[in-house]
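The sequence and the structure are shown first, and the interfaces are then treated in turn.

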Amino acid sequence: MVFCIAGLLIFAILGVFSTKYRRYFRESIHCMRRQLLLKPCDTQFDQEMKAKITANISKTSPKLARFVFKRFAFLSWILLILMLFSTAAVAFGAYNYIAYGNCNGPYSSDFCVFGALDGSFDERVKDIKPIEAFGPTLGNPDASVEIIEVGCYACPYTKDAEGFRNQLLDKYGDNVSFTFMAMPLEHHGLSWETAEAAYCAEEQKKYWEYHDLLFENQDSITIEKIKELAEELELDMNRFNECLDDHIFRDAVKQIRDKAVEANIFATPTYFVNGRPFVGIKAFADFEQIVGVEIRGSCA
Amino acid sequence: MNVDKIREDFPVLQKHTYLDSACMSLKPKQVVEAMNEYFYEFPACGERSSHKLGKRVTEEVETARKKIAKFVGAKPEEIVFTKNTTEGLNLAANALKLEKNDTVVTSDKEHNSNLLPWLKFNHDFVNTKSGQLDLDLPKAEVVSLVHTSNIDGVSFPVKELGKIAHDNGSVFVVDGAQSAPHKEIDVKKLNCDIFAFSGHKMLGPSIGAVYVSKDLDLDNFLVGGGTVANVNDGKPTFLPIPEAFEAGLQNYAGIIGFRAAVEYLEKIGMKNIEKHEAGLNKLATEQISQIEKVSILHESQDRSGIISMIIEGVKSTEASLMFDSHGVLLRGGHHCCHNWFNKNKLDGTVRASLYLYNNQSDVEKLIEAAKKVAQLG
């Protein structure tokens, strides 16, 4: 019964690509219909799937095959629960996409697979205009390759991409300059405060150290934590607190955000390499390709 | 006996390791071609139409009847074509002039086809021990026994049991579905009055035949076209056996294919086939009995070409699917013998059944697959 339901979803998808799976799909429908009518499944569907799966596993790992064979019903339950959960998540995302234009919900600019699937993601990337660098810069300010990252201190995707900065500087040295511009996003808590705090730290020449601490502590960030991190860097706390509490850099941050919105930036982090926008970079290898082309181009 | 050459006649064997011949045997090209000849050359009615094609069909059917009769040591007029062994046994249960209170004895190891037709009478079991019957039968109007069991391949000493049955005044019926394909049969020597068997278990198409002794006094079973010489004022004049039992148009292509199958078997020789299967079974038994968690049902008995396995911790139906996934096609379950399995509190067995076209490589694949399935238990 359990595998009938799980199989229904799996084989509905696989059946698009192969007739072999369409037979399994029909069997799983038949099996589930009988189960709903409180009749036993009469096609041996569960047993056939169990046999096929365990026989295939046993070719490489008899022990694992035995484990699966003995606990097939239990594993089917886990599979079913995971599938129901993921189906519900997809349905929720689809609802958000229809209602708000983004699968992550209202006011979100995070990556949405539906947008990528229907081509709107690529269209939106094309609409992004170059942005002028503002704020602290690492590397060679006169480098041939200028890299700007527009990110948010409260955004988990920006945090995930944090390692790229040092990798870029290590690999390309004086050939690149790197600027981080904080773009607060309303749906991320304390995104404005963290952006302002970073510029408060920059006032005391500790921008990049504080920048790193903000990302390291992203999951537990509070106003108190923002101040604790500043203390950790032995900043002048009177000045820092005054800067933060009086929102000295609110206008500056707002200007950056307005520029980003004007440039049609819709997700963080967005990178600009010599003005060309890139959204959703997931691997350093992508940077190597992009930056490599720019460096070779500048040498030609 | 050149098995490699035989295998060339069975194209299916190029793709599959087929060990389910006790259920359905494969068909050689010669059988398919003989049937196709009927469909292409003379696809008409037999024994009715007097045109050229009709005559050809009648000739072919009677030639087949002669061949098949000779194959089991009977006279042509003693062979009735049926759908299968099941219909042959139902014919016996319905055509023998029995009263409801008459006693019918079967073994406890019968296929449902040789059990269910008899339950409307005063039915009784004789019990097997380690798969075999003692030479002792109670008095009864009918004794109906399987010759070779499809559960384990063990053959009953039907010749001796038939003599005992006759001495007791019983009609002796034999289910020959699993014996006729694998050993020489002479119904006269077996002392049986009725012997039912199937074409599809002996290289033929889905068809059956039943030997009916001329000495029996029988009622009609299925009646209709072809069974009567005349009907006058609502009173039919029935034809003699076999026509009296062959109602309606017959499966002519099946009968012709059955003849071709019998010719194929005769050419190879039933003694050779029996010896070949016994050799393969010995090899399989020696190896499989060494596998932990696998036991062979009634291992010590002479089991024809059948290896019926019980795998500890794996249901028989699941095990058969596992074998399938490992590329070995065989059968799991109760093999239509629910009564015996329930009585012995067994879940079922995984049954490999060998035939003339199986070779040592098939047996080796069976052994390897058995090892893998046993690891799951």
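In this predicted model, chain B places 12 residues in contact with 15 residues of chain A. The two chains bury about 1300 Å² between them, and carbon and sulfur atoms account for 58% of that area.

**Interface of chain B and chain A**

- One salt bridge is found across the interface of chain B and chain A.
- A:Lys50 and B:Glu318 form a salt bridge through their side chains, with an N to O distance of 2.9 Å.
- Three residue pairs are in polar contact across the interface of chain B and chain A, with both residues of each pair at pLDDT 80 or more.
- On the side of chain B that touches chain A, the residues comprise four nonpolar, six polar and two charged.

**Domain arrangement in chain B**

- To the contact between them, domain 1 of chain B gives 30 residues and domain 2 of chain B gives 34 residues.

**Buried area between the domains of chain B**

- Domain 1 and domain 2 of chain B bury about 2500 Å² between them, with 55% of this area given by carbon and sulfur atoms.
- Of the area that domain 1 of chain B buries against domain 2 of chain B, 24% is supplied by B:Met270, B:Trp340 and B:Tyr355, which is more than any other three residues supply.

- Two salt bridges are found across the interface of domain 1 and domain 2 of chain B.
- B:Lys343 is joined to B:Asp108 by a salt bridge in which the closest N and O atoms lie 2.5 Å apart.
- Between domain 1 and domain 2 of chain B, 15 residue pairs are in polar contact, both residues being at pLDDT 80 or more.

**Make-up of the domain 1 side**

- Helix 7 (270–288), strand 12 (306–311) and helix 9 (338–343) of chain B are the elements that each give two or more residues to the side of domain 1 that touches domain 2.
- The residues on that side of domain 1 of chain B divide into 14 nonpolar, eight polar and eight charged.

Conventions. Residues are numbered from 1 along each chain as its sequence is written. Chains are lettered from A and ligands numbered from 1 in the order in which they are written. This is a predicted model: local features need pLDDT of at least 70, side-chain atom pairs count only at pLDDT 80 or more; totals for chains, interfaces and linings use all residues. Side-chain values use heavy atoms; hydrogens and water are left out. Contact means heavy atoms within 4.5 Å. Buried area is the accessible area (1.4 Å probe) that two parts lose on being put together, summed over both. A salt bridge is a side-chain nitrogen of Lys or Arg within 4 Å of a carboxyl oxygen of Asp or Glu. A polar contact is a pair of N or O atoms within 3.5 Å; within protein, one must be able to donate a hydrogen and the other to accept it, and residues adjacent in sequence count only if both atoms are side-chain atoms. Ala, Val, Leu, Ile, Met, Phe, Trp, Tyr, Cys and Pro count as nonpolar, Asp, Glu, Lys and Arg as charged, and the others, Gly among them, as polar. Helices (H or I, at least four residues) and strands (E, at least two) are DSSP runs, numbered from the N terminus.
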